[in-house]
Amino acid sequence: MKTVFNHQNGVEKIRTGQRIASQLRRGGNFSESLQYAHLCLDLSKQINAQALVGESYNLIGLVYEETEKQNLAQKYLNKALDCFREAGYDSGEANALINLALVMEDDYKKIEYTLAAIEPNAKTGDTTQLLLIYSNLSYHYFLVGEYGKSLDAVDQGLSIIYQSHDPSKHNKRKGQILVNMCEN
């Protein structure tokens, strides 16, 4: 009996493939990571799962970013952003904007994309991602010499941490934010 690929079993296969692609990327096996990510992209398109298509484009963009192919990284991250917006997937949109900021060569573009990530993130209530945004924003402002704005972003991040119900769960981001503060 032949197994039919459909939405129900497809999502699980795609998620598994994306996890493998991410692990391979973190391990430095970029070629194989791209293969898995493209396979996930094809499967996502087959079941017409726009958010999963966006996640696959995002993965591909991150691999290209790590292999210093910035033009390809921007191309795929912009495709991811379009998919997330079309799907109404706010967390994905914020994530794509954060990643796009990383591949921009112009420091002010980095700031522009990072600031743009705040609005879609606010709709999700994801404080972990919001702390990443403020940490990155602080660093990008620091790079362009806008130290006051960098410290404002630090203050925003620390405020979020201290207002959370469990501040200790944000220790990693708190450390990053405090490093940014010390650099200023």
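Select F30 to begin: beyond four places in sequence, it touches R25, V63, E66 and T67. F30 is found in helix 2. Its relative accessible area is 23%, so F30 is partly exposed. F30 and Y64 are 34 residues apart in sequence, yet 8.4 Å apart from C-alpha to C-alpha.

Keep in mind that this is a predicted model.

**Stop 1: S33**

Stay in helix 2, which spans residues 30–46 and holds S33. Is S33 buried or exposed? With a relative accessibility of 0%, S33 counts as buried. Show its side chain. The side chain of S33 reaches the backbone oxygen of A21 at 2.7 Å. Then show the surroundings. Not counting residues up to four places away in sequence, S33 touches A21, L24, R25 and V63. R25 and V63 are also among the residues that F30 touches.

**Stop 2: the salt bridge of R25**

Select R25 and E66. Their side chains meet in a salt bridge, at 2.4 Å from N to O. E66 lies in helix 3 and R25 in helix 1, so this pair ties together parts that are 41 residues apart in sequence. Colour the two residues by accessibility. R25 counts as buried, at 14% relative accessibility. E66 is partly exposed, with a relative accessible area of 33%.

**Stop 3: R15 and E55**

How many salt bridges does the structure hold? There are five. For another of them, select R15 and E55, whose side chains meet at 2.3 Å, N to O. R15 lies in helix 1 (residues 7–26) and E55 in helix 3 (residues 50–66), so the pair ties together parts that are 40 residues apart in sequence. Check the exposure of each partner. R15 counts as partly exposed, at 34% relative accessibility. E55 is buried, with a relative accessible area of 15%.

**Stop 4: K109 and E112**

Move to helix 6, residues 107–116. Select K109 and E112. The side chains of K109 and E112 form a salt bridge at 3.7 Å, N to O. These two are three residues apart in the helix, about one helical turn. K109 counts as partly exposed, at 35% relative accessibility. E112 is partly exposed as well, with a relative accessible area of 45%.

**Stop 5: V144**

Jump to V144. V144 is found in the loop between helix 8 (127–143) and helix 9 (147–163). What does V144 contact beyond its neighbours within four places in sequence? The answer is D107, Y108 and I111. Now draw a distance line from V144 to Y36. These residues are 108 places apart along the chain, and their C-alpha atoms are separated by 37 Å.

**Stop 6: two loops, two positive phi values**

Go to the loop between helix 2 and helix 3, where N48 is found. Phi of N48 is near 55°, a positive value in a residue other than glycine. N48 counts as exposed, at 64% relative accessibility.

Next, pick the loop between helix 3 and helix 4, and select E68 there. E68 is not a glycine, but has a positive phi of about 60°. At 67% relative accessibility, E68 counts as exposed.

**Stop 7: a nonpolar surface patch**

Select L151, L178 and M181, which form a nonpolar patch on it. Together they have about 200 Å² of accessible area. M181 is found in helix 10. It is partly exposed, with a relative accessible area of 35%.

**Last stop: confidence**

Colour the chain by pLDDT. The mean over the protein chain is 88, and 93% of its residues reach 70 or more. Which helix has the highest confidence, and which the lowest? Helix 4 (residues 70–87) is highest, at 96. Helix 10 (residues 171–183) is lowest, at a mean of 74. That is also the helix of M181. Finish at residues 1–5, where pLDDT stays under 50. For that stretch the model has seven contacts beyond four places in sequence.

Conventions: Residues numbered from 1 in each chain as written. Predicted model: local features only at pLDDT ≥ 70, side-chain atom pairs only at ≥ 80, totals over all residues. Heavy atoms only, no water. Helix = DSSP H or I, 4+ residues; strand = E, 2+ residues; numbered from the N terminus. Buried < 20%, exposed > 50% of the residue type's maximum accessible area, 1.4 Å probe, protein only. Polar contact = N/O pair within 3.5 Å; in protein donor to acceptor, adjacent residues only side chain to side chain. Contact = heavy atoms within 4.5 Å. Salt bridge = Lys/Arg side-chain N within 4 Å of Asp/Glu carboxyl O. pLDDT = per-residue confidence, 0-100. Patch = residues over 30% accessible without salt bridge, like charges linked within 9 Å, V, L, I, M, F, W, Y side chains within 5 Å. Areas by Shrake-Rupley, 256 points an atom, 1.4 Å probe, with all protein chains shown as cover.
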